[in-house]
Amino acid sequence: MRELMVRDAIREALDEEMARDNTVFQMGEDIGVIGGNFKCTVGLRDKYGDLRVKDTPISEQGFVGMGVGAALTGLRPVVELMFADFMMVCGDQLFNQMAKITYMSGGQCNVPMVVRLPLGGGRSSAAQHSQSIHAWAAHIPGVKVVVPSTAGECKGLLKTAIRDNDPVMFFEHKMLYTTKFNDVPEVEEDVCIPFGRARIVAEGADITVVTNSMMTIKAEKAVRQLQKEGISAELIDLRTIVPLDTETIIRSVKKTGKLLIVDEGHLSFGITGEIASRIMPDVFYDLDAPIQRMGTADVPLPFSPALEFPLIPDEKKIAAKIREMV
């Protein structure tokens, strides 16, 4: 395995898939000349040219719609939104067109399209640039929703997404882009991570902790600390929200008897409640305590770091909740 920053692992995946398949191309604001707002596409325009790494106007509705059209003609567009928050600007193209065309055509048309969306708080970017709204995407039938947590996971899942014949919304946490992970396979290894199979980050016997994206990294720090205190937590990284691997969660909860679900989305009407509801019929008689949930408080994220950070779950809060439950 190699050590890479998340943004470099994403660039590698894009580069390898564009080299492998000449129908793969990219569109987005500032992804060409300057290499992307978060530097995930640096050098790709020089390598593949302007037609395959396309800078777009500030018109999400326009270029996402262009991506849908391109996918219908047999190309494989990878469309980057500068922030996940902007998916509301092009919601009609994403959720009324991209997500529904396969169904409305009776399977005669496919939309092999990936939409990359940076999400999450922690950068003091205020209420319109800090949201974790992957649950919105998961609510719409017809799209697959990916929430990777490490560099290796980003690369393997993105390669799978690009090769998928259905539309995929690929949410990348902004606070992870410059984080280094030592889990990236060698370049010559063409490793794709399948959708719908969660990753067991740490095995344990006292409690199951289910997370995704940045919350996996924070929860892993909490779990490692609690190991020193004699608390054994099993940590599950979902990888994908749609499809959702309930089997791995159920199997773990039957072993531990307790479940904590942590997601950076707002607590109400989100991922944590959906997971609890889905698995309850299978684990009700195995639970030793009520399922607990953690998420971002139900308020718009403020610009001030002093106000923002307390609203989002962190390793200390996760560790405290696990201690309380155990």
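This note reviews cysteines and salt bridges in a predicted model.

1. Basis. Local features need pLDDT of at least 70 and side-chain atom pairs count only at pLDDT 80 or more, while totals for chains, interfaces and linings use all residues of this predicted model. Residues are numbered from 1 along each chain as its sequence is written, and side-chain values use heavy atoms, with hydrogens and water left out.

2. Cysteines. With a disulfide taken as a pair of cysteine sulfur atoms within 2.5 Å, the model contains zero disulfides. Cys-192 is in no disulfide, and the nearest cysteine sulfur, that of Cys-154, is 14 Å away. Cys-192 has a relative accessibility of 29% and is partly exposed (buried means under 20% relative accessible area, exposed over 50%, partly exposed in between, with a 1.4 Å probe and protein chains only).

3. Salt bridges. The model has 28 salt bridges, each a side-chain nitrogen of Lys or Arg within 4 Å of a carboxyl oxygen of Asp or Glu. One of them joins Arg-2 and Glu-186 at 3.9 Å, N to O. Arg-2 lies in strand 1 and Glu-186 in the loop between strand 8 and strand 9, so the pair ties together parts that are 184 residues apart in sequence (strands are DSSP runs of E, at least two residues; helices are runs of H or I, at least four; both are numbered from the N terminus). Arg-2 is buried at 17%, whereas Glu-186 is partly exposed at 28%.

4. Network. Asp-190 pairs with Arg-163, of helix 7, in a salt bridge at 2.8 Å. Salt bridges that share partners join residues including Arg-2, Arg-163, Glu-186 and Asp-190 into one network.
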